Amino acid sequence: MSRAGFAAMRLAQRLSALSAGDRIPKFEDLATELGCGKGTVQAGFDLLGEAGGLRLRSRGRLGTFVDEIDHTVLWRLAGQRSVSVAMPLPYSRRYEGLATGLHASFADAGIPLTLMFMRGSVARLRALAEGRADFVVMSALAAGSSDDLEIVHNFGPGSYVAAHALILADGCTADTPGLRVGVDPASEDQVRLVDRAFGPLPGAQRVEVSYNQLESAFRDGRIDATVWNVDEIRAHISAPVSIEPLALARDAANTQAVIVRAATEVPVPVGVRAALTAATVLDRAHDVVAGRATPTY
């Protein structure tokens, strides 16, 4: 790669957080940062302009400002890899809808996207911490469990689940003494909601069970109660159970889907943030949930 080409790539990376109207750093400061001369920086900007990624406007002593910017072109010239987003397993229409919406939004933005499907928010946060995922989809409730996360976008009430409810084995109530309550340690949502619903439980009453095994756990008599997503209860649990609503606010954090990343001072590239927050995401998600569109991701 030529010096000018290398400078153009580094500049594309450096300017990915800017928008039209923003002032760019002084050329001499950029030259110091990139370890090259001002002439090479100018040549890098020329390449970005010729490719249609950037147009600058000088305002004299005020500095040089971004007149026009195409973040899709900048992403390509910056040599950026695919953006990776870790999501829940697509076992519900809502999760399929979010996956479909994100896929469509990134396609519109011209930015490559890799969706990673992982069971449980604990596993998704581990992928984020280990650098295997750039962003994670989870509930606002689970996101509140860590100060090391930045919420990039909240999709609002009902975007993650419609609600959660108590599931009780036939003949049991929430007040039945000695209830054996199923808890999936991989799901921060379920752990927190079980604690809210039943309070501190003795070890013998707290039964670890994956939420995709709740049907067999109820049918085999291993658990008497749990909390789960109402979107999926009737579709996946045929054992004789009763369902009771949880006393939570309608816009409770457990129903809100959020996009999070590891907390950092480095801004999210404008093109990526736009793709994550575009109206397309929820529009496509709603179409999938309503049966008006086929899930595609």
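## Pockets, cavities and packing

Modeller: Let's start with the largest pocket, which has a volume of about 450 Å³. Keep in mind that this is a predicted model.

Biologist: What lines the largest pocket, and which residues lie nearest its centre?

Modeller: There are 21 lining residues, and Arg-261, Val-266, Pro-267, Val-268 and Pro-269 lie nearest the centre. The elements giving two or more residues to that lining are α1 (3-14) and β12 (257-262). By class, the lining has 12 nonpolar, five polar and four charged residues.

Biologist: What lines the second largest pocket?

Modeller: That pocket holds about 190 Å³ of space. Its lining includes Arg-23, Phe-27, Arg-61 and Thr-64, and by class it has four nonpolar, two polar and four charged residues.

Biologist: Why is a space called a cavity rather than a pocket?

Modeller: A cavity is a space where a 1.4 Å probe fits but cannot get out, whereas a pocket is open. A search of the whole structure finds two cavities of 30 Å³ or more. The largest cavity has about 190 Å³ of space. Of its 18 lining residues, the closest to its centre are Tyr-91, Tyr-95, Ser-187, Asp-189 and Tyr-211. Helix α8 (188-198) gives the most to this lining, with four residues.

Biologist: And how do the residues lining the second largest cavity divide by class?

Modeller: Into six nonpolar, four polar and no charged. Among them are His-71, Trp-75 and Val-270. The second largest cavity has about 50 Å³ of space, and α4 (71-77) and α11 (270-277) each supply at least two residues of its lining.

Biologist: What makes strand β10 largely enclosed by the rest of the structure?

Modeller: Buried means under 20% relative accessible area. Five of the five residues of β10 (residues 225-229) are buried, so the strand counts as largely enclosed.

Biologist: How do you know that β7 and β10 pair?

Modeller: Pairing takes at least two bridges, and β7 (residues 164-169) and β10 have five, in the antiparallel sense. In one of them, Ile-167 has Thr-226 of β10 as its bridge partner.

Biologist: Which residues of helix α2 are buried, and what puts them on the same side?

Modeller: In α2 (residues 27-34), they are Phe-27, Leu-30, Ala-31 and Leu-34. They cover an arc of only 105° around the axis, so they sit on the same side of α2. These buried residues pack against α1 and α3 (38-50). After α2 comes Gly-35, with a positive phi near 70°.

Notes: Residues are numbered from 1 along each chain as its sequence is written. This is a predicted model: local features need pLDDT of at least 70, side-chain atom pairs count only at pLDDT 80 or more; totals for chains, interfaces and linings use all residues. Side-chain values use heavy atoms; hydrogens and water are left out. Buried means under 20% relative accessible area, exposed over 50%, partly exposed in between (1.4 Å probe, protein chains only). On a 1 Å grid over the protein atoms alone, a cavity is a set of points where a 1.4 Å probe fits but cannot get out, and a pocket is an open set with protein on both sides within 12 Å along at least five of seven lines; lining residues have an atom within 4 Å of a point. Grid points are joined across faces, edges and corners, and a volume is the space filled by probe spheres set on the points. Ala, Val, Leu, Ile, Met, Phe, Trp, Tyr, Cys and Pro count as nonpolar, Asp, Glu, Lys and Arg as charged, and the others, Gly among them, as polar. The arc is that of the directions from the helix axis to the C-beta atoms. Contact means heavy atoms within 4.5 Å.
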